Amino acid sequence: MYIIPMLIVVSFVSFIVISLPPGDYMTTVQNRLTSQAGMSQDQARAMAERMRSQYGLDQPFMLQYLNWIKNIVLRGDFGFSFQYNRPVSDVIWGRLGYTFLIALSAHIISVLIGVVVGIYSATHQYSFGDNIATVFAFIGLSIPNFFFAIVIMYFLSFKLNMHVGGLFSSEYVFAPWNWAKIVDFLQHFWVPVFVVGIAGTAQNMRIMRGNLLDELQKQYVQTARAKGLTERVVIYKHAVRNAIQPLIMYLGMSLPFLIQGAIVSSIVLQLPTTGPAFYNALLSQDMYLAGSFLLMLAVTLVIGNLLGDILLAQIDPRVRYE
Amino acid sequence: MKSFSKKLSVILVLLLVFSMSFTVLAQDDRALLGKLDMDEVIQFTNLDSYNEAPELKEMVENGELPPLEERLPSTPLVRQSETMVDGAGIYGGVWRDTFAVPIDGWNWGAGNVQGYFGIHQILHESPLLRGEMWKLNQPDPVPNLATDWEWTDDGKTLVMNFIEGAKWSDGEPFTTEDIAFTYNDLILNEQITSTATADDWTYGGEVTELEVIDDTTVEWHFGAEYPMSALSYFDRNNFPVSPKHVYERFHPAYTADANYEDYPTAIPAHDVPIVTMGAWVPIRYSAGEQLVMVRNPYFWQVDEAGNQLPYMSEVRFMEAESGETRTNNLVSGEGDRTNLENPSTFAMVRQESLKEDSNFTMSFGPFTSMYRLEMNLSKDYGVSDDREAELRKLFRDKKFRQALSHAIDKEALSSGAFPGPLTKEYHGAYPDGSVYHSDENTTVYDYDPEKAKTILKEEFGFEDTNDDGILNWPEGTAVAGDELIIQLKTNEDSAASVQASEALVPMLREVGINIRLQVLSGPNNTARTDSGDFDLNVARNDQVGTPYYFMDLVGPISSSTPGYHQEGSENPRELLPFEQEIADLLQELRLTRTAEERTDILHEIERIYTENIYTIGLYQLRQGLAINNRFKNIPSDLPPYLYDYMVNAMPIQIIWVAEEDQYDELFLDEIPLEDAYSGTEWSSK
């Protein structure tokens, strides 16, 4: 139950941080009116001023914050996104689907590949395959994923003349689902999944490898082998089951990290997910949208932890409450 | 050695080709800059027969759509062949573009944003348009919905005629009622944030009155004689006409249970199709992904052969999170154009355009864009300590501005940005591409650091007393003995501004000034400018070349402009004598009646401006466009921005594609008819 005060603190701090720089969303509007619409500076400023009072941005900071929180608690209303001219919840919900699809796909793939390769590496320690996997793991861990995304984008766009940015080519966005559209989707979709998943895969692999190597040294493994169990049973039924526990504990924790990773790579890859909307909200000081996103991230961290605990309890009876 | 000379020769050949391509551009007959008379651009005439796109013909034959003659105005707007460098076009094809600002709704009359990047230009029609002014030898706004106008003898009334029988995209007639609604119920209504205000329409202390005479005629009654500058407020930016028959049901003045709070969100972004006078109608929008527009069957413009415009069937805009994607899309062949507004993108795009299989061409307009160093001339607005107060005194002294100018190597800045014929140094008020610029009226304070040092020492008593290379404030100032430190802020979104600012740091250090550079995000930069909280500012400006329309870029016309000399809330602003002269001239300019008068005044302003170093010019550049090769009717010197952005400057409805190059249309069967409009959420509200 410590969650609620924590969320309040998170919301307050994020609200302060968003309000810290000079200006507000209407300054962004004003900027666009001169740079994009071609209005004169005087007109743009007057228009921004009118919108400022229309949307209550000229009210004191604490009043704005309290109103926001009050509406969340009493009416489940997260406020209004100036940028999208819609309620914040509409903006977030509309973009959540692809966000979770990318995060979960990346997550599943990184766990599957990470665990399988990790097991292989541990059981074939110092073999050629293990060394290769290790090299790739270090590359995957050390290269930031936004950089990966940029390199892939450059390569696809400038070298292969493929469309990057978004999840569909121009002609498929509104096309009914068919094979061509699925192929087009996959051509776009693998990039973020790959980019987001690669660091996780590498990390999972290293953790799995290390843990399994530890477990394989332990006496119960020797006992099992001495009993005459097949190597298969020894490794998969006994050693892996113990070695995988820290990974599962970490699973829950990694959910917000994956969403963050998805944010960064989505910004680079220009996907219609929550990431770029969040980033733009921060840049343009679309404060209610940005604040709600931060709240949402905090909530996923909490939920992720809970999920991790439940899963662990399923797998390891020792941690269950009696 | 051999490979070196080979490289050298390749570079030389490239340079030759590069420079030749510009001389060719300068003379070729595909160039239109300043070449045409008004009646070579558009006319309103009756033609013997009219023709329409095959998909529309089919709909007429099926009885879904009234025949073309009933859809067109009796006297349509005829786009003249002189503007079509490849001649009249054929129907079909797709324009694929990119935008990067979220669409927040379709109610442009209440300030909603439709994503910019050319979408506004397609959707918003206004009484007059500026887009094609660049083609005119006598630049004046081009008639659009308004066909002609006349001042009464006393100069206080403007009689304006509008096109007769034109229809909105849903088939409802366009009349002066729509003009009156837009003016009285949106622009003048203080409860609605529209694109202009009553202030803009106040002359001689009176808000201009609109009198509707009949369906096609209105009279504007002004409080002053011949307020010619009012004509600039009939533009797309200030006067995008809203369809009254759509919006009156959301407007409290017409509907009892409507309220002002909900008016701006009357038609949300997803709720398409919408009603427009534009050449294409939005029919699909998926936030963050794509906007699709199809041909407006009621579009009221034709070519000289009577073919209803637009030529192209479809416009698809991919939504991106940043404008850079537009360039990526062009290079990968997924998009059709990008603007080259920033020298940092020139090289990359140029390289791609030189490849053999490159599918696009670059072209550059005249020198229209420039970077300048602005000094905060306000005596006390935004001043928070002694250092700033002393600095403002310096900035207000012409000798100090002169010293700064002498310290800056403009040629180095310009070639550092992009070497070659696309950039050059800049000294004055208007860039070279402006019809109002003249070298005669420009005073040049050339690069001469020694002179700068002498001025700083002899005029102001600055000396480096502690031998650290930085000058110290002289005795008698409030900060005597302190180092001469000046803040310089700029906008991070403009890479070239940042680059120029960085280059200024060592230049000014050379004469003993320590520059603290602050690179700020766009909104923060604007907020700091508005609050007067800065010393120096490096800014990009694309609109100084058309000073008549952007007077606030050349001098004081209101208390908050120019941004580098605003009036604070406490003390009245003390304009410098030369500023007052410019301010007076600008007031005179607003009331000029002829192009010659305008030119004279603007020349005089340039003379005063540059002699007194109002701002320090850094460099100017020619902005360019990169457009897919398949499009026809693109003039070779089409500027990305001059009077308005390129979508209107072409204008896009006369662009066409040869049959073998056309991309497949995907939405031919979705041209909206009555049931499409009545199926929207907004129509049943």
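Trainee: What share of the contacts in chain B with a separation of 6 or more comes from residues 24 or more positions apart?
Mentor: In this predicted model, residues 24 or more positions apart account for 70% of those contacts in chain B, a contact being a pair whose C-beta atoms, placed from the backbone, lie within 7 Å.

Trainee: Why is chain B called as compact as a globular protein of its length?
Mentor: The globule rule gives 26 Å for 685 residues, and the radius of gyration of chain B is 27 Å, close to that value, so the description holds. Along the principal axes, the C-alpha atoms of chain B fill a box of roughly 90 × 75 × 45 Å, and the chain has 18 helices and 26 strands.

Trainee: How many of the residues of chain B count as buried, and what makes a residue buried?
Mentor: A residue is buried if 20 or more other C-beta atoms lie within 10 Å of its own, and 53% of the 685 residues of chain B count as buried.

Trainee: What makes up the side of chain A that touches chain B?
Mentor: By the contact cut-off of 7 Å, 50 residues of chain A are in contact with 51 residues of chain B. Helix 3 of chain A gives the most to that side, with nine residues, and by class the side has 18 nonpolar, 25 polar and seven charged residues.

Trainee: How confident is the predictor in chain A?
Mentor: On a scale from 0 to 100, chain A averages a pLDDT of 83, and 98% of the residues score at least 70.

Methods. Residues are numbered from 1 along each chain as its sequence is written. Chains are lettered from A and ligands numbered from 1 in the order in which they are written. This is a predicted model: local features need pLDDT of at least 70, side-chain atom pairs count only at pLDDT 80 or more; totals for chains, interfaces and linings use all residues. Two residues are in contact if their C-beta atoms, placed from the backbone, lie within 7 Å. Helices (H or I, at least four residues) and strands (E, at least two) are DSSP runs, numbered from the N terminus. Ala, Val, Leu, Ile, Met, Phe, Trp, Tyr, Cys and Pro count as nonpolar, Asp, Glu, Lys and Arg as charged, and the others, Gly among them, as polar. The radius of gyration is taken over C-alpha atoms; the globule rule is 2.2 Å times the number of residues to the power 0.38. A residue is buried if 20 or more other C-beta atoms lie within 10 Å of its own, exposed if 12 or fewer, and partly exposed in between; C-beta atoms are placed from the backbone.
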